[in-house]
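This report describes a ligand site and several parts of the chain around it. The sequence and the structure come next.

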Amino acid sequence: MDARRDEATGRQNELDAYGDFLRRRRAVLLERIANAARSVGRDPSEVQLLAVSKTVDVAQVELAHKAGYLTFGENRPQELKRKVGAVRQNPSLADVRFHMIGNLQTNKINQVLGNADLVHSVSSLHLAHAISTRSRTRDVVTPCLLEVNVSGEASKSGFDPEHIVQVVDEVMGLEGIALKGLMTMAPANNKEVARRTFEGLRLLREDLRTRTGLPLPVLSCGMSGDFEIAVQEGATLVRLGRIVFDPAYEDR
Ligand SMILES: *Cc1c(COP(=O)(O)O)cnc(C)c1O
């Protein structure tokens with residue numbers, strides 16, 4: 001009996017300690033984002049912190065929500081759907097939102113529509129058309145970002161920057177899609193290349209704004225290893241996973 005109670009108490013203490021970690025870490029991250037923003041004369045409130053929850057479960061999402069996070073990123077449609085379903089069972093999590101940040105195949109779109117507030121990873125016209133069609137069927141408008149392969153790495157998905165003007169022209173005309181901006185991923189472990197990648201994304205956005213008149217307010221870039229550089233180069237949304245959730249994550 002007592003052993004079982006001790007075990008339950010032990011587990012509760014562990015959760016409390018993890019919740020404390022999440023809260024302290026969040027304060028540090030918000031401070032670092034704010035400092036990076038101010039270092040280039042930006043207003044820190046322009047930058048949203050998305051907590052990438054792909055490696056943790058609903059219990060940790062709940063603790064992160066208690067620590068102050070409201071928006072979470074998932075990279076697999078099925079996991080997104082599962083976590084959204086679990087969160088909707090819990091009235092205290094009613095203000096939790098999810099974004100889809102990972103590779104999306106057309107046959108998985110229905111798991112994402114209605115479950116994600118923003119799809120970061122529209123990486124082909126085929127996918128854009130499919131999202132448009134399914135969204136119209138459901139009578140919804142899906143906010144989307146176009147993923148751009150700014151760095152040109154063969155392993156990365158996303159549109160070629162050379163084609164992005166024609167792509168935006170076409171996607172602008174699709175019903176059921178609200179085009180909100182651009183997303184990119186930088187190559188890991190090279191800060192100089194990361195900076196050029198994020199700068200490239202910002203310049204593309206400026207060019208597209210001028211050409212199309214679309215405001216394209218969202219620039220989604222920056223992860224655990226490079227988010228301050230991303231903020232300095234104009235990110236409005238950083239996607240942080242390990243540095244939010246993993247106490248063992250080694251910085252810099
Ligand atoms: C996992 C993931 C992230 C977060 O990466 P971390 O390095 O853990 O911060 C951001 N964006 C995408 C698309 C991801 O898949």
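## Ligand site

A polar side-chain atom of R242 lies 2.8 Å from an oxygen atom of the ligand. The ligand has 390 Å² of accessible area on its own, and the protein covers 91% of it (Shrake-Rupley method, 1.4 Å probe; for residues, only the protein chains shown count as cover). This is a predicted model, in which local features need pLDDT of at least 70 and side-chain atom pairs count only at pLDDT 80 or more, while totals for chains, interfaces and linings use all residues. Residues are numbered from 1 along each chain as its sequence is written, and side-chain values use heavy atoms, with hydrogens and water left out.

Which residues surround the ligand? They are V52, K54, I101, M185, M223, S224, R239, L240, G241 and R242 (a residue is near a molecule or strand if one of its heavy atoms lies within 4 Å of it). By class, the shell holds five nonpolar, two polar and three charged residues (Ala, Val, Leu, Ile, Met, Phe, Trp, Tyr, Cys and Pro count as nonpolar; Asp, Glu, Lys and Arg as charged; the others, Gly among them, as polar). An N or O atom in the side chain of S224 is 2.5 Å from an oxygen atom of the ligand. A polar backbone atom of G241 is 2.8 Å from an oxygen atom of the ligand.

## Strands β1 and β8

Strand β8 covers residues 237-240, and strand β1 covers residues 48-52 (strands are DSSP runs of E, at least two residues, and helices are runs of H or I, at least four, numbered from the N terminus). The two strands pair in the parallel sense over four bridges (pairing requires that DSSP finds at least two bridges between them). L49 has V238 as its bridge partner in β8.

Both faces of β8 are covered, with L237 and R239 buried on one side and V238 and L240 buried on the other (buried means under 20% relative accessible area, exposed over 50%, partly exposed in between, with a 1.4 Å probe and protein chains only). Of these, R239 and L240 are also among the residues around the ligand.

## The loops on either side of β1

S45 lies in the loop between α1 (2-39) and β1. Its relative accessible area is 63%, so S45 is exposed.

S53 lies in the loop between β1 and α2 (58-66). S53 counts as buried because its relative accessibility is 0%. Its side chain joins that of E74 in a polar contact of 2.6 Å (N or O atoms within 3.5 Å; within protein, one must be able to donate a hydrogen and the other to accept it, and residues adjacent in sequence count only if both atoms are side-chain atoms). Leaving aside residues up to four places away in sequence, S53 touches V61, F72, G73, E74, K83, F98 and F245 (contact means heavy atoms within 4.5 Å).

## Helix α2

In α2, V58, V61, L63, A64 and H65 are buried. Their cover includes α1, β2 (71-74), α3 (77-88), β3 (97-100) and α9 (242-245). Just after α2, G68 takes a positive phi of about 120 degrees.

Most residues other than glycine have a negative phi. D139, in the loop between α5 (125-138) and β5 (142-147), has a positive phi of about 60 degrees. L216, in the loop between α7 (191-212) and β7 (218-220), has a positive phi of about 40 degrees.

Are these two residues buried or exposed? D139 counts as exposed because its relative accessibility is 73%. L216 has a relative accessible area of 1%, so L216 is buried.
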